Amino acid sequence: MPVTSTRGQVFLCERGSPMKWLIMLVVISIDQASKWWVINHLKDIGTIKIIDGIFHLHYLENRGAAFGIFQDQRLFFLVVNTLITCIIIGYLLKHPAMNRLLMWSLILIAGGAIGNIIDRALYGYVIDFFDFQIWPVFNVADSAIVVGQALLIFYILKHSKDEVAGDAS
């Protein structure tokens, strides 16, 4: 059942509800299932052209960060990503009822980060496969992180605007 704060913010769930953890688990599961498929069906053939010259499924072992920068820094990425993910999970635990937009953003970021942490821990690299030809190859976890970051930016901008409007009155 949704809860409303005194400021009119709608929360997704009451204190103690497992919904946010279930959503995070779904993000991680979809990411890992897609990578399992890629390893078992795409790794040996390399590329499947879905729309020639526009969108391909392409097996790529990314040993760096976004856009392939900082190659072969496995331990660094494991430590930093795990630390950031622990901070997000700690925040979610400390604030069990929160604004929906903020909650969704943090769940998507953490779920995506965990998906990529699993890859780095198991394989030493992240498995990427969505290839739009004009953008670096990425995966489901990367998509969750980017959407989560966009939602977080929107949340911050919206609430900064609300605070400024509240200060003026």
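Gly111 is a residue of helix α3, where helices (H or I, at least four residues) and strands (E, at least two) are DSSP runs numbered from the N terminus. With 0% relative accessibility, Gly111 counts as buried; the cut-off for buried is under 20% relative accessible area, with exposed meaning over 50% and partly exposed in between (1.4 Å probe, protein chains only). Leaving aside neighbours within four places in sequence, Gly111 is in contact with Met24, Val27 and Ile28, contact meaning heavy atoms within 4.5 Å. The C-alpha atoms of Gly111 and Ile23 are separated by 8.4 Å, although the two residues sit 88 residues apart along the chain.

A word on the model itself. It is predicted, so local features need pLDDT of at least 70 and side-chain atom pairs count only at pLDDT 80 or more, while totals for chains, interfaces and linings use all residues. Residues are numbered from 1 along each chain as its sequence is written, and side-chain values use heavy atoms, with hydrogens and water left out.

Zooming out, the protein has 4 helices and 5 strands, and from the N terminus on the elements go β-β-α-β-β-α-α-β-α. Of its 169 residues, 38% count as buried. Among contacts with a separation of 6 or more, 65% come from residues 24 or more positions apart.

Now for the sheet. Three strands form an open sheet in the order β3-β4-β5, with antiparallel pairing; two strands pair if DSSP finds at least two bridges between them. The edges are β3 (47-51) and β5 (126-131), each of which pairs on one side only. On average, and ignoring direction, neighbouring strands of this sheet are turned by 25° against each other. Strand β4 (residues 55-62) is joined to β5 by 5 bridges, and the two run antiparallel. Along this pairing, Asn62 has Val126 of β5 as its bridge partner, and Leu57 stands opposite Phe130 in β5. As for β5, 5 of its 6 residues are buried, so this strand is largely enclosed by the rest of the structure.

What lies across the sheet? Helix α1 (residues 19-42) lies across β3, β4 and β5, running at about 80° to β5. Helix α3 (residues 100-123) also packs on the sheet, touching β4 and β5, and its direction makes about 125° with that of β5. For these angles, axes are lines fitted to C-alpha atoms, for helices over the stretch in contact, and angles run from 0 to 180 degrees between N-to-C directions.

The two helices meet each other as well: the axes of α1 and α3 come within 9 Å and cross at roughly 40°.

The Asp119 side chain reaches the backbone nitrogen of Ile127 at 3.1 Å. Not counting residues up to four places away in sequence, Asp119 touches Gln32, Lys35, Gly124, Tyr125, Val126 and Ile127.

Definitions and conventions. Polar contact = N/O pair within 3.5 Å; in protein donor to acceptor, adjacent residues only side chain to side chain.
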